[in-house]
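Keep the structure in view as you read.

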Amino acid sequence: MIKQIAVFLENKEGKASACCQVLKDAGVNLYSISIADTTDFGILRLITADNATALSALKKAGYIASEVELVGVQVPDKAGALSDLLISLGNARVNVEYMYSYAEMDGQAKIVLKTAAPQMAIAVLEEMGAKIL
């Protein structure tokens, strides 16, 4: 089992970065991050190198955060592998509520993000030297 931290956030500019700053200040490394949103609120889902320290720092900073257990599975790198896995779970009447990638490739983290201003985001990232995928 993999333990994930779920953090309840307002869906406003700067809320996710402020939360990540708390983790940075606590010295917690992030392995994976996902945000599920609604109009007013979101859930930031994190897999960290040190959940105990992360939870303590988040709660001390006033965040509503909890730990959730997930099933980790390695999916073969071939077309249809994820589909086969999901079909098998469905056939067993196992509902998948949500999922996101948790990958280490080439020693670099790969993330995707949604924004209402994608061109601005690309310009900012390129300016800081980030490689756009």
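Q: Which relative accessible area makes Glu 69 partly exposed?
A: This is a predicted model. Partly exposed covers the range between buried, under 20%, and exposed, over 50%. Glu 69 falls in that range, because its relative accessible area is 46%.

Q: Which residue forms a salt bridge with Glu 69?
A: The closest N and O atoms of the pair are 3.6 Å apart. A salt bridge needs them within 4 Å. The partner of Glu 69 is Lys 3.

Q: How many residues apart in sequence are the parts that Lys 3 and Glu 69 tie together?
A: Lys 3 lies in strand 1, residues 2-10. Glu 69 lies in strand 4, residues 64-70. The pair therefore ties together parts whose separation in sequence is 66 residues.

Q: How many salt bridges does a search of the whole structure find?
A: Lys 3 pairs with Glu 69. Lys 12 pairs with Glu 10, with the closest N and O atoms 3.3 Å apart. Glu 10 also meets Lys 15, at 3.5 Å from N to O. The search of the whole structure finds three.

Q: Which residues are linked in a network of salt bridges?
A: Glu 10 forms a salt bridge with Lys 12 and another with Lys 15. Glu 10 is partly exposed, because its relative accessibility is 33%. Lys 15 is partly exposed too, at 31%. The network links Glu 10, Lys 12 and Lys 15.

Q: What pattern does the protein follow, read along the sequence?
A: Start with the elements. The protein has four helices and four strands. Read along the sequence, they give the pattern β-α-β-β-α-β-α-α.

Q: Which side chain does a polar contact of 2.8 Å join to that of Gln 4?
A: A polar contact is a pair of N or O atoms within 3.5 Å. At 2.8 Å, this pair qualifies. The side chain joined to that of Gln 4 belongs to Tyr 100.

Q: What is the length of the polar contact that joins the side chains of Thr 48 and Asn 51?
A: Thr 48 is found in strand 3, residues 41-48. It counts as buried, because its relative accessibility is 8%. A polar atom of its side chain also lies 3.2 Å from the backbone nitrogen of Asp 50. The contact between the side chains of Thr 48 and Asn 51 is 2.5 Å.

Q: Which residues is Leu 85 in contact with, leaving aside its neighbours within four places in sequence?
A: Leu 85 lies in helix 3. It is partly exposed, because its relative accessible area is 26%. Its C-alpha atom is separated by 9.6 Å from that of a residue twelve places away along the chain, Val 73. Leaving aside those neighbours, Leu 85 is in contact with Val 73 and Val 75.

Q: What is the area of the nonpolar surface patch that includes Met 99?
A: Met 99 is in the loop between helix 3 (81-91) and helix 4 (118-127). It counts as partly exposed, because its relative accessibility is 49%. The patch is made by Val 73, Val 75, Leu 82, Val 96 and Met 99. Its area is about 390 Å².

Q: What share of the accessible surface of the protein belongs to carbon and sulfur atoms?
A: Buried residues make up 20% of the 133 residues. The accessible surface comes to about 10,000 Å². The share that belongs to carbon and sulfur atoms is 55%.

Q: Among the elements of the protein, which has the lowest mean pLDDT?
A: The mean pLDDT of the protein is 85, and 86% of its residues reach 70 or more. Where pLDDT is low, predicted coordinates should not be read in detail. Helix 2, residues 51-60, has the highest mean among the elements, at 97. The lowest, 79, belongs to helix 4.

Methods. Residues are numbered from 1 along each chain as its sequence is written. This is a predicted model: local features need pLDDT of at least 70, side-chain atom pairs count only at pLDDT 80 or more; totals for chains, interfaces and linings use all residues. Side-chain values use heavy atoms; hydrogens and water are left out. Patches are made of residues with over 30% relative accessible area and no salt bridge: like charges are joined within 9 Å, nonpolar side chains (Val, Leu, Ile, Met, Phe, Trp, Tyr) within 5 Å. Accessible areas come from the Shrake-Rupley method with a 1.4 Å probe; for residues, only the protein chains shown count as cover. A salt bridge is a side-chain nitrogen of Lys or Arg within 4 Å of a carboxyl oxygen of Asp or Glu. Helices (H or I, at least four residues) and strands (E, at least two) are DSSP runs, numbered from the N terminus. Buried means under 20% relative accessible area, exposed over 50%, partly exposed in between (1.4 Å probe, protein chains only). A polar contact is a pair of N or O atoms within 3.5 Å; within protein, one must be able to donate a hydrogen and the other to accept it, and residues adjacent in sequence count only if both atoms are side-chain atoms. pLDDT is the predictor's confidence in each residue, from 0 to 100. Contact means heavy atoms within 4.5 Å.
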